[in-house]
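Biologist: I'd like to learn how to read a model like this one, feature by feature. Where do we start?

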Amino acid sequence: MIGRIGVSPQLLLGFSLGVLLSASYSEICSILSRLLGVRDDDSKFEGGKIQMTSEEAEVVKKEIRVGVEGLIGNTPLMKIKSLSDATGCEILAKVEMMNPGGSAKDRIALAIVERAEAEGHLRPNSGDVVYEGTSGSTGISLAMICRAKGYRAHICLPDDTSTEKVDLLEKLGAEVEKVPPASIVDKRQYVNRARSRAMERNNDESIEGRGLFADQFENEANWKAHYDHTGPEIYRQTGGHVDVVVAGAGTGGTISGVSRYLKRRLPDMKVVLADPPGSGLYNKVKYGVMFDIMEREGTRRRHQVDTLVEGIGINRITRNFDVGRPLVDDAIRVTDEESLAMAKFLVEHDGLFVGSSTAVNCVAAAKFALKIGPGHTIVTIICDSGTRHLSKFWKAVGPISGELAASSLEDILDLSSTTSTSRTNTPVNR
Ligand SMILES: Cc1ncc(COP(=O)(O)O)c(C=O)c1O
């Protein structure tokens, strides 16, 4: 062919070499890939294609979380700018609402189920049912974990539980049993009902599958989950600089587990309980007596703890609170008015939409910051999002104005309980 049109092989070779020598490396690659019919992606990007390094490949492997269980924990620690600016303290919050089930209860639900599996009380896909009495997030976390691990969930709750929680439980496929609100000494009370439902199942040989009463209030897997994970995470994320931890107590698992871990690391760190109206824990911590004025004879209202706040506050000492009780140094009482105002304040200043127990935590954290003075690091918990509290707590918050917020922290807090010691720079040792 070459010979036929009269071009010598030497000339052709010389021409080709000339072209090659005058072309850049990327041009040669591009010419060759075009000749070979390979699509040239590299040429689309300046500098060519970036290859994955072996270190990157390792990170990718580690970053894949397995199942919803794999998404639990390692939540971020967030600086709340408005509260930090207003108090001069660094106010940090563990964002537990970023767990897949939307709250810190994912940690304990997983721990309770895994412990029961390890002890042989639960076997996946064998018809086993987990029972719990809960008006809060624990039911949602248990329902989620049960789905993921091959169990059924049966949740007993008071019949006035907010509709968004009941709906969510049902959408997760949990069996929901509503009971009238009652005292803990009443066997129809929702926690007692869940316990007896588990017993009924276990006593009836004809029913397939065993029953497990999760028992979040007394089950030690609860505080241990926070001791093993939440506490160490806070220690790492702060580089070991924590002066104060502020948390409310529902079962007491969070405050006990976190305190038990962090106080071993930081013995001078202070632990402060944030307590809503009607709860007896404030008096227990301050004066050693479990009594609240709202509980006095003849004034007992319908609910055990009468407040708009859900999830924290209690009038008995649970096992999970008791194991951390000696480590709680102080308590701050938070009114419903303050927590409503704080919820609004956090949206207006930070765009942060939180639930009622988080608002209580933030009020107590801010009050304690003002009491001890600037320069300290205070860690609190963002327990869940405001979306779980739209029909009750957030309804009472009222409308949020489109105007940029002008309210100051002092405007929204009743500082009468803290003003006597306010800004006295009480030293808190690291
Ligand atoms: C929304 C919310 N916040 C806080 C808590 C308190 O956590 P703990 O039970 O660990 O004391 C609970 C407990 O039920 C809760 O539901």
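Modeller: With contacts: two residues are in contact if their C-beta atoms, placed from the backbone, lie within 7 Å. Keep in mind that we're looking at a predicted model.

Biologist: Is L71 buried or partly exposed?

Modeller: Here you need the cut-offs: 20 or more other C-beta atoms within 10 Å makes a residue buried, 12 or fewer makes it exposed, and in between it is partly exposed. L71 has 15 C-beta neighbours inside 10 Å, so it counts as partly exposed.

Biologist: What else sits in that loop between α4 and β1?

Modeller: N74 has its place there. Its phi is near 50°, a positive value in a residue other than glycine. N74 is partly exposed because it has 13 other C-beta atoms within 10 Å.

Biologist: Where else does a residue other than glycine have a positive phi?

Modeller: Have a look at D215, whose phi is near 60°. D215 lies in the loop between β6 and α10. With 22 C-beta neighbours inside 10 Å, D215 counts as buried.

Biologist: And what about α10 itself?

Modeller: Take E233, which is found in helix α10 (residues 221-237). E233 and L77 are 156 residues apart in sequence, yet 8.9 Å apart in space, C-alpha to C-alpha.

Biologist: Why does E233 count as partly exposed?

Modeller: Because E233 has 19 other C-beta atoms within 10 Å.

Biologist: How do I read contacts over the whole chain?

Modeller: Look at the sequence separation. Among contacts in the protein with a separation of 6 or more, 73% are between residues 24 or more positions apart. As for burial, 44% of the 430 residues count as buried. The secondary structure comes to 17 helices and 10 strands.

Biologist: Let's do a helix. What should I expect of its sides?

Modeller: An α-helix has 3.6 residues a turn, so residues three or four places apart point the same way. Now go to helix α9 (residues 190-203): its buried residues are Y190, V191, R193, A194, R195, R197, A198 and R201. The cover over them includes β3 (129-133), β4 (152-158), β5 (175-179) and β6 (211-213).

Biologist: How far does α9 reach from its first C-alpha to its last?

Modeller: The 14 residues of α9 reach 20 Å, close to the 20 Å expected at 1.5 Å a residue.

Biologist: And strands? How do I read their pairing?

Modeller: Check the bridges and the direction. β1 and β2 run antiparallel, joined by 3 bridges, and L77 stands opposite K94 in β2. On to β2 and strand β10 (residues 377-382): 6 bridges join them and they run parallel, with T377 in β10 as the bridge partner of E90.

Biologist: Why is β2 largely enclosed by the rest of the structure?

Modeller: Because 5 of the 6 residues of strand β2 (residues 90-95) are buried.

Biologist: How many residues of strand β8 (residues 270-275) are buried?

Modeller: 6 of its 6 residues. K270, V272 and A274 point one way, while V271, L273 and D275 point the other way, and all are buried.

Biologist: Last one: which residues come nearest the ligand?

Modeller: Of the 17 residues around the ligand, those are G136, G250, T254, G311 and C383. By class, the shell has 3 nonpolar, 13 polar and 1 charged residues. α7 (137-149) and α11 (253-265) each supply at least two shell residues.

Conventions. Residues numbered from 1 in each chain as written. Predicted model: local features only at pLDDT ≥ 70, side-chain atom pairs only at ≥ 80, totals over all residues. Helix = DSSP H or I, 4+ residues; strand = E, 2+ residues; numbered from the N terminus. Expected span 1.5 Å × (residues − 1). Near = placed C-beta within 6 Å. Nonpolar A, V, L, I, M, F, W, Y, C, P; charged D, E, K, R; others polar. Pairing = 2+ DSSP bridges.
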